[in-house]
Amino acid sequence: MNLKEIEKKAYRFTFTDGIYDLTYATLLIMIALAPILRELIGLSYILFLVIPAPLLLLLGKRYISIPRIGLVKFNQHRKTTQKKLAIICIILIPLTVILLLLTAAEIFPGSYGTLLGVYTVPIGAALFAIALLSLIAYFIEFSHLYVYGLTIGLGILISELLHDPVASPWNSVIAFGIPGTLLFIYGIIELVRFIRTYPLPKEENSNVN
Amino acid sequence: MSTKEKKTMENRQPLDFVDKIIHEPARLNIMAFLYVIESADFLFLMRQTGLTFGNLSAHMSKLEDVGYIQIKKEFLGKKPHTMLSLTKKGRTAFEEYRKKMKQFFNDMPQ
């Protein structure tokens with residue numbers, strides 16, 4: 001009897017609903033649409049980056065996942081890992097945002113003189129995003145996060161590479177919209193499979209006293 | 001070991017020392033699962049163990065009767081929710097069971 005494996009199986013089970021894929025896909029789609037939304041509604045476009053994805057996660061877990069598979073609280077080891085992860089995020093996420101803002105504002109003038117210099121900042125940002133999400137993937141043992149890291153990292157690079165041949169906002173739509181849509185379709189398939197496999201339990205079985 | 005003790009050991013059934021409450025496969029599954037987590041609700045246990053509502057309910061009653069599990073009422077939003085976890089006694093009993101089973105198989109002649 002492998003107790004570690006039993007715990008891992010239970011932990012992984014909570015990720016099988018496809019809701020994390022849908023959440024991240026929504027975020028990617030919103031990033032893809034950000035330049036268009038900025039043109040249309042001004043600074044309020046930030047609301048579309050911040051609200052839909054977490055809302056989807058919250059509502060999806062609350063109204064789709066938990067009523068079908070129930071609720072579990074993991075042990076101290078997982079809680080410690082989550083605390084470590086929170087510390088990493090508290091340090092690295094603001095740093096990422098600052099780097100992206102500096103990139104957007106073209107604060108690194110020296111790097112724009114050469115062909116290599118043009119791509120230094122996007123490559124740096126891409127590697128940073130991949131590293132950050134891979135680190136989180138490792139800590140929370142959720143392998144999809146490696147893919148999420150790649151989509152955002154490659155998205156930053158492709159968006160920059162397409163900047164000249166494809167005018168803004170279409171470079172962003174292509175770079176983030178395509179992987180976002182593919183991931184969204186995958187999330188929907190996973191969610192449908194999950195709903196079919198785990199239908200809502202009968203009322204008398206769902207709330208045992 | 002005295003002669004009397006040796007005789008007693010020889011007359012014992014091989015698995016006499018095992019906690020029969022835990023040894024039953026479905027309950028062993030439940031105990032192992034609850035051992036590795038902090039707590040879970042009834043539905044999560046049903047999904048993980050593959051037991052039916054009636055089956056799980058019956059096993060839980062037995063485990064609760066011997067004081068191996070505890071039932072805690074919580075609120076999920078406005079709805080009452082029942083969370084199940086191992087008691088300290090249950091945790092110790094499970095550890096003891098594992099130890100004894102390991103020993104049993106280690107001592108088994110080749």
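In this predicted model, the buried residues of helix 4 of chain B are B:F42, B:L43, B:F44, B:L45, B:M46 and B:Q48. Six of the eight residues in this helix are buried, so it counts as mostly covered. Helix 4 of chain B also belongs to the elements that give two or more residues to the side touching chain A.

**Helix 4 of chain B and what follows**

- Just after helix 4 of chain B comes B:G50, which takes a positive phi of about 75°.

**Contact between chains A and B**

- Chain A and chain B each bring 19 residues to the contact.
- On the side of chain B that touches chain A, two or more residues come from each of helix 3 (25-36), strand 1 (37-41), helix 4 (42-49), helix 5 (53-65) and strand 3 (79-86) of chain B.
- That side of chain B is made up of eleven nonpolar, five polar and three charged residues.
- Strand 1 (residues 72-74) of chain A and strand 1 of chain B run antiparallel and are joined by three bridges.
- Within this pairing, A:V72 has B:A40, in strand 1 of chain B, as its bridge partner.

**Nonpolar cores**

- The largest nonpolar core holds 28 residues, and those with the most contacts inside it are A:Y24, A:L28, A:A32 and A:A129.
- Helix 2 (19-41), helix 6 (115-140), helix 7 (144-161) and helix 8 (170-197) of chain A are the elements that give two or more residues to this core.
- Helix 2 of chain A supplies the largest share of the core, with twelve residues.
- A:A32 is in contact with A:S172, A:V173, A:F176, A:G177 and A:G180, once its neighbours within four places in sequence are left aside.

**An exposed leucine in chain A**

- A:L95 sits in helix 5 (residues 76-104) of chain A.
- A:L95 is classed as exposed because 12 other C-beta atoms lie within 10 Å, and the cut-off for exposed is 12 or fewer.
- From A:L95 to A:I174 the separation is 79 residues in sequence and 26 Å in space, C-alpha to C-alpha.

How values were computed: Residues are numbered from 1 along each chain as its sequence is written. Chains are lettered from A and ligands numbered from 1 in the order in which they are written. This is a predicted model: local features need pLDDT of at least 70, side-chain atom pairs count only at pLDDT 80 or more; totals for chains, interfaces and linings use all residues. Two residues are in contact if their C-beta atoms, placed from the backbone, lie within 7 Å. Helices (H or I, at least four residues) and strands (E, at least two) are DSSP runs, numbered from the N terminus. Ala, Val, Leu, Ile, Met, Phe, Trp, Tyr, Cys and Pro count as nonpolar, Asp, Glu, Lys and Arg as charged, and the others, Gly among them, as polar. Two strands pair if DSSP finds at least two bridges between them. A residue is buried if 20 or more other C-beta atoms lie within 10 Å of its own, exposed if 12 or fewer, and partly exposed in between; C-beta atoms are placed from the backbone. A nonpolar core is a set of buried Ala, Val, Leu, Ile, Met, Phe, Trp, Tyr and Cys residues joined through C-beta atoms within 7 Å.
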